[in-house]
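Here are my notes on the model you sent over.

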Amino acid sequence: MQFKVGAKQTTKMLEQNKAVEVYIARDADQRMKEKIVHLCERLGVPIRWTDTMESLGETCGIDVGAATAALVPDGE
């Protein structure tokens, strides 16, 4: 499995039904979070919350913070 990081990539993976799970940082922009949460709920994709964008970035293996990330199968 691999991460697609960022709101645009997360939305794209959800719309293409490729996201297995979505990670959202609690300190991310409220409007962006609401959009991603609504999409996840509509599509039945589980959400895993992290406390900060910094910790989500570390989880994804990047050196900067991340608001959202989608977990997708390798090769997507």
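Contact here means heavy atoms within 4.5 Å. Keep in mind too that this is a predicted model.

1. Let's start with Val 45, where that cut-off comes in. Val 45 sits in the loop between α2 and β3 (47-50). Setting aside residues up to four places away in sequence, Val 45 touches Leu 14, Ala 19, Val 20, Glu 21, Val 22 and Cys 40. Val 20 is 25 residues from Val 45 along the chain, yet their C-alpha atoms are separated by 6.5 Å. With a relative accessible area of 13%, Val 45 counts as buried, because the limit for that label is under 20%.

2. Now for Gly 44, which is in the loop between α2 and β3 as well. Is Gly 44 buried or exposed? Gly 44 is exposed, at a relative accessible area of 61%, whereas Val 45 is buried.

3. On to the helix pair. At what angle do α1 and α2 pack? Helix α1 covers residues 7-15, helix α2 covers residues 30-43, and the two pack at an angle of about 15° with their axes 10 Å apart. That angle makes α1 roughly parallel to α2, because anything under 35 degrees gets that description. The crossing of α1 past α2 is left-handed.

4. Which residues make that helix contact? From α1 come Ala 7, Thr 10, Thr 11, Leu 14 and Glu 15, and they meet Met 32, Lys 35, Ile 36, Leu 39, Cys 40 and Leu 43 in α2. By type, the residues of this contact split into seven nonpolar, two polar and two charged. Two names here turn up again in the first point: Leu 14 and Cys 40 are among the residues that Val 45 touches.

5. If you were wondering about cysteines, how many disulfides does the structure hold? The count is zero. The sulfur of Cys 40 has its closest cysteine sulfur in Cys 60, 14 Å away, and that is too far for a bond, because a disulfide needs the two sulfur atoms within 2.5 Å. Cys 40 is buried, with a relative accessible area of 0%. Cys 60 is buried too, with a relative accessible area of 14%.

6. Please take a look at the backbone of Asn 17. Phi of Asn 17 is near 55°, a positive value in a residue other than glycine. Most residues other than glycine have a negative phi, so this one is worth a glance on screen. Asn 17 is found in the loop between α1 and β2 (21-25). At 61% relative accessibility, Asn 17 counts as exposed.

7. Last, Thr 50. Where does Thr 50 lie? Thr 50 belongs to strand β3, and with a relative accessible area of 12% Thr 50 is buried. Neighbours within four places in sequence aside, Thr 50 is in contact with Tyr 23, Ile 24, Ala 25, Arg 26, Ser 55 and Leu 56. The C-alpha atoms of Thr 50 and Ala 67 are 9.4 Å apart in space, with the two residues 17 apart in sequence.

Methods
Residues are numbered from 1 along each chain as its sequence is written. This is a predicted model: local features need pLDDT of at least 70, side-chain atom pairs count only at pLDDT 80 or more; totals for chains, interfaces and linings use all residues. Side-chain values use heavy atoms; hydrogens and water are left out. Axes are lines fitted to C-alpha atoms, for helices over the stretch in contact, and angles run from 0 to 180 degrees between N-to-C directions. Helices (H or I, at least four residues) and strands (E, at least two) are DSSP runs, numbered from the N terminus. Angles under 35 degrees count as roughly parallel, over 145 as roughly antiparallel, 65 to 115 as roughly perpendicular and the rest as oblique. A crossing is left-handed if the near helix is turned anticlockwise from the far one by less than a right angle, and right-handed if clockwise. Ala, Val, Leu, Ile, Met, Phe, Trp, Tyr, Cys and Pro count as nonpolar, Asp, Glu, Lys and Arg as charged, and the others, Gly among them, as polar. Buried means under 20% relative accessible area, exposed over 50%, partly exposed in between (1.4 Å probe, protein chains only).
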